[in-house]
6 protein chains.
Amino acid sequence: MPYVNIKITREGATAEQKAELIQGVTDLLKNVLNKNPATTVVTIDEVSTDNWGIGGESVTVRRARGD
Amino acid sequence: MPYVNIKITREGATAEQKAELIQGVTDLLKNVLNKNPATTVVTIDEVSTDNWGIGGESVTVRRARGD
Amino acid sequence: MPYVNIKITREGATAEQKAELIQGVTDLLKNVLNKNPATTVVTIDEVSTDNWGIGGESVTVRRARGD
Amino acid sequence: MPYVNIKITREGATAEQKAELIQGVTDLLKNVLNKNPATTVVTIDEVSTDNWGIGGESVTVRRARGD
Amino acid sequence: MPYVNIKITREGATAEQKAELIQGVTDLLKNVLNKNPATTVVTIDEVSTDNWGIGGESVTVRRARGD
Amino acid sequence: MPYVNIKITREGATAEQKAELIQGVTDLLKNVLNKNPATTVVTIDEVSTDNWGIGGESVTVRRARGD
């Protein structure tokens, strides 16, 4: 019954990669805490790089500078 | 002054249905906890079925299988 | 399969009232969007009044002033 | 290492304004709690006015009425 | 730079198990999306069973019934 | 009407500092986006250092090592 929310920048994650994240997190919760996969909910938010900041700057600005 | 976040898969909820959810949750908090509707904030996130997992699979995969 | 998060100030909501919120939100999603109650997850966060702000002030300060 | 999530209605915030919010919140956490900007993460969610409710109504309805 | 929030019921997860979840999620994001562990933030919320609902009931009620 | 959630580690932030964060964020949203302070909601989550991870480790472990 866990709920996991994964926030990443919107930079091209494929459906296959997102499926891998869902499977991986569900397995992790099963293995570590014996949580039931059938009621483990995972959501992935993909956030525009204008809308994600670190170090006081947007990721858009950091990417333009090569970070 | 409550804040309620509703996450659902993006599968065609209409503006009217979302308005019904907003009204229903606000009424519920008024009736149960006497919270002031004027400062009750509700947000609805509609999440792509690729980005929603349950049972270790994405909803896209489950829908394709008829679940 | 919806996920609903309800944030309220920690001001004495009883277990019965919280059960009413859980039941009410689950019924609402069933009635409006035909969502399956068995996989509708609801969590309630009760937040200290020092940690909740509105109008630029904490709720603790506002309560002390009779708001 | 703080994580800050800002939710606003999607009503035309520019990249520059969002950068200002990111910088402003990061500075605030540095000044008040001496948090390290390099690991301060800020995300901004812009929510459709159909999906944001206050007072039991969606913002779309309130805007149409001039609120 | 991902941000992951894991919500579980407060039912005795140990510091070691929580460390395993943190390590596991960070590794998963590194392996699947090549995300930098140094800026991958993970938070775990442990929620009272009175405050977690599924199927319209609180987990406290379900546990009392042996679910 | 914005909603801002600030997550920090539970490491002794005082009521005054949290009030400063609430005031600062509310002012920032007023100045940058002309948002109405009266309906700007801010919540602060203080998270145990066992429950906060960065770089694949809990903050408890990192603090013990002097990070």
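**Close-up views of a predicted model**

**View 1. Crossing of helix α1 of chain B with helix α1 of chain C.** In this predicted model, α1(B) and α1(C) cross in a right-handed manner. Each of the two helices spans residues 15-33 of its chain, and they pack with their axes 10 Å apart at an angle of about 160 degrees. Because angles over 145 degrees count as roughly antiparallel, α1(B) is described as roughly antiparallel to α1(C).

**View 2. Residues at the contact of α1(B) with α1(C).** From α1(B), the residues that make the contact include B:Gln17, B:Glu20, B:Leu21, B:Gly24 and B:Val25, while those from α1(C) include C:Leu28, C:Leu29, C:Val32 and C:Leu33. Sorted by class, this contact comprises 12 nonpolar, four polar and two charged residues.

View 3. C:Lys7 lies in strand β1 of chain C, which covers residues 3-9. C:Lys7 counts as buried because its relative accessibility is 6%, under the 20% cut-off. Within chain C, the side chain of C:Lys7 makes a polar contact of 3.3 Å with the side chain of C:Asn5. When neighbours within four places in sequence are left aside, C:Lys7 is in contact with C:Asp45 and C:Trp52 of chain C, with B:Pro2 and B:Tyr3 of chain B, and with F:Tyr3, F:Thr43 and F:Asp45 of chain F.

**View 4. Chain pairs without contact.** Chain C and chain D are not joined by any contact, and their closest C-alpha atoms lie 14 Å apart. For chain A and chain F, likewise, no contact is found, with the closest C-alpha atoms 14 Å apart.

Methods. Residues are numbered from 1 along each chain as its sequence is written. Chains are lettered from A and ligands numbered from 1 in the order in which they are written. This is a predicted model: local features need pLDDT of at least 70, side-chain atom pairs count only at pLDDT 80 or more; totals for chains, interfaces and linings use all residues. Side-chain values use heavy atoms; hydrogens and water are left out. Helices (H or I, at least four residues) and strands (E, at least two) are DSSP runs, numbered from the N terminus. Buried means under 20% relative accessible area, exposed over 50%, partly exposed in between (1.4 Å probe, protein chains only). A polar contact is a pair of N or O atoms within 3.5 Å; within protein, one must be able to donate a hydrogen and the other to accept it, and residues adjacent in sequence count only if both atoms are side-chain atoms. Contact means heavy atoms within 4.5 Å. Axes are lines fitted to C-alpha atoms, for helices over the stretch in contact, and angles run from 0 to 180 degrees between N-to-C directions. Angles under 35 degrees count as roughly parallel, over 145 as roughly antiparallel, 65 to 115 as roughly perpendicular and the rest as oblique. A crossing is left-handed if the near helix is turned anticlockwise from the far one by less than a right angle, and right-handed if clockwise. Ala, Val, Leu, Ile, Met, Phe, Trp, Tyr, Cys and Pro count as nonpolar, Asp, Glu, Lys and Arg as charged, and the others, Gly among them, as polar.
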